[in-house]
Amino acid sequence: MTGMTRRSLLGASVLAAVGAATGCSDSSSQTGSTSGGATGTLDWWDHFSSFKRLNDDWAKTQSPSLKTNVAHTYYDASKATQAFQLAHQANKMPDVYSNVIGLPLPALVSGKWVHEVTIPADIQAKLPKDAFTEGITRLDGKLYGFPMFSFRQSSTLVWVNKDHWSKAGLDPNNVPKDYAAFKDALGKLKSAGIQPLTLAIGADGGRIRDQVDDMAQTAGFPGYQGLQFTTGEYAYHHDAYVTVIEFLKQLNDDKLIMPGSNNFGVVDARTRYASGAVGTFIDGIWCAGGSKALAPTIVDKLASGQILVPTSGTNPWCYRGKPAATYFVSADSKNPDAAGKLIASFMSDDYQKGMIEAMDQPPLNLDLVASSNAVDAYKKGVEFCKENVFLMPQAIVKNPAVARVDALRKPVTPHVGNIVQGYLGGSIKDLKAELKKLSDATTADRAQALQKAKAAGAKVSESDYVFADWKPGQDYGAAK
């Protein structure tokens, strides 16, 4: 379960804040009414920077067939969650929006965020048979969306600027894989007068939280987001998390991370990389497309490397669950039928081709990427994820009744990203103690949700989270 902050909702009128969020974001593209479809416009919001041009054009092409004006609006990832929260509070959600809220499907349903969707039979035929999962894309038999992206992806690849790395005497096509070699490379960049590295540490801490979760897995954590697969216990204080965060602290203390990174949101940090102001950026597989959207000239300078590991020779294995719906229809929509048809149109051949060439998250069918017009750095990143990201066990797949527990979970803060911010900034002194508090708080939150769900008749228990048969380096359930 991922967290969601509501701190930004405090101290402001909801309606006034909605106006600020939708009218003052310098990185959003306002292309029409944002009135939840009330004026005959079908409003579509998302946070996919690489798809901005594709989606702007797609909105125009779909308007005639849907017999309504489709208006597409883009928000950068660090602003999208806040904008969506504020719009939801004011019952002003767009008809269609991307899945960035950070709540599980049961909580979205119970919180009146989403509307059931109907997918035409020909579109369903294009999707894998296991694309729909109770508790993830369906709830109580009702469908709320479908995944467009493969789960074999990462938010934590290493992206480098070929020119800068070559100037420093480094091989941009052979990016170091382990901590020591990577730190040494950053030192050479610094000696060559090049700003070595930037990270998106700031905003709500969501991106650095995701990246620490990834790096903890490659550092040996046998689970995801603090939850150990074989025991079902939360252990953010595991040595793997400490190792990763201490490494980031070393880079920061040695001034290898660009000043200001502790305050950078995703677009802030990526802009530094795309503009050539920094030699290295840790970002997701979508960095190629996102950087191209910011500065097209960066494309020829892109090179990529794998998720870092603590020591040479360590397997860079990561684990992800079954993908959730990419887009939802809002419960506020005045035209849910047209909204569902818009989402269904994303599985057309034309949109899929455009999606791949935009180089954002990889599609469900990763085999399509090799023959696409995507750049080699993107193809290399996709191939790495294809070989090293595995399907993990999930309680909700084991027992769909866990959805009733998820609906009662609450965001736990400070989360890992906030802890990283505090530790690098100096306000947190005892890292392991702070991580232990997070483990305990997350455990307590699950316990209260389990208790309430069982009291309401759900047949669930802590054993639903235990997968004693999990083995690293393979898809869970593949041999069953």
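Tutor: A residue counts as lining a pocket if it has an atom within 4 Å of one of the pocket's grid points. The model discussed here is a predicted one.

Student: With that in mind, which residues lie nearest the centre of the second largest pocket?

Tutor: The second largest pocket has a volume of about 530 Å³, and its lining is made up of 19 residues. By class, this lining comprises seven nonpolar, six polar and six charged residues. Those that lie nearest the centre of the pocket are Ser 49, Ser 50, Lys 52, Arg 53 and Ala 293.

Student: Which element gives the most to the lining of that second largest pocket?

Tutor: The elements that contribute two or more residues to the lining are H2, H10, H11 and helix H13, which spans 349–357. The element that gives the most, with five residues, is H11.

Student: How many residues of the contact of H10 with H11 are charged?

Tutor: On the H10 side the contact is made by Val 267, Arg 270, Thr 271, Tyr 273 and Ala 274, which meet Cys 287, Gly 290, Ser 291 and Leu 294 of H11. Five of the contact residues are nonpolar and three are polar, while the number that are charged is one.

Student: In the open sheet of five strands, which strands stand at the edges?

Tutor: The order of this sheet, whose pairing is mixed, is E2-E1-E3-E14-E4. Within it, strands E3 (residues 96–98) and E14 (residues 327–330) are joined by three bridges in the antiparallel sense, and Ser 98 stands opposite Tyr 327 of E14. Two strands have a single partner each, so that one side of each lacks a neighbour in the sheet: E2 (69–74) and E4 (114–115).

Student: What angle does the direction of helix H2 make with that of E2?

Tutor: Helix H2, residues 52–66, packs on the sheet and touches E1 (41–46), E2 and E14. The loop between H2 and E2 holds Lys 67, a residue other than glycine whose phi has a positive value, near 55 degrees. As for the directions of H2 and E2, the angle between them is about 165 degrees.

Student: In the open sheet of four strands, which residue stands opposite Thr 198?

Tutor: The order here is E8-E11-E7-E12, again with mixed pairing, and the edge strands are E8 (197–198) and E12 (302–305). E8 pairs with E11, residues 280–283, in the parallel sense over two bridges.

Student: Is the peptide bond from Thr 413 to Pro 414 cis or trans?

Tutor: Most peptide bonds are trans. Pro 414 is located in the loop between helix H16 (402–406) and helix H17 (416–425). With omega near 0 degrees, the bond from Thr 413 to Pro 414 is cis.

Note on methods:
Residues are numbered from 1 along each chain as its sequence is written. This is a predicted model: local features need pLDDT of at least 70, side-chain atom pairs count only at pLDDT 80 or more; totals for chains, interfaces and linings use all residues. Side-chain values use heavy atoms; hydrogens and water are left out. Contact means heavy atoms within 4.5 Å. Ala, Val, Leu, Ile, Met, Phe, Trp, Tyr, Cys and Pro count as nonpolar, Asp, Glu, Lys and Arg as charged, and the others, Gly among them, as polar. Two strands pair if DSSP finds at least two bridges between them. Axes are lines fitted to C-alpha atoms, for helices over the stretch in contact, and angles run from 0 to 180 degrees between N-to-C directions. On a 1 Å grid over the protein atoms alone, a cavity is a set of points where a 1.4 Å probe fits but cannot get out, and a pocket is an open set with protein on both sides within 12 Å along at least five of seven lines; lining residues have an atom within 4 Å of a point. Grid points are joined across faces, edges and corners, and a volume is the space filled by probe spheres set on the points.
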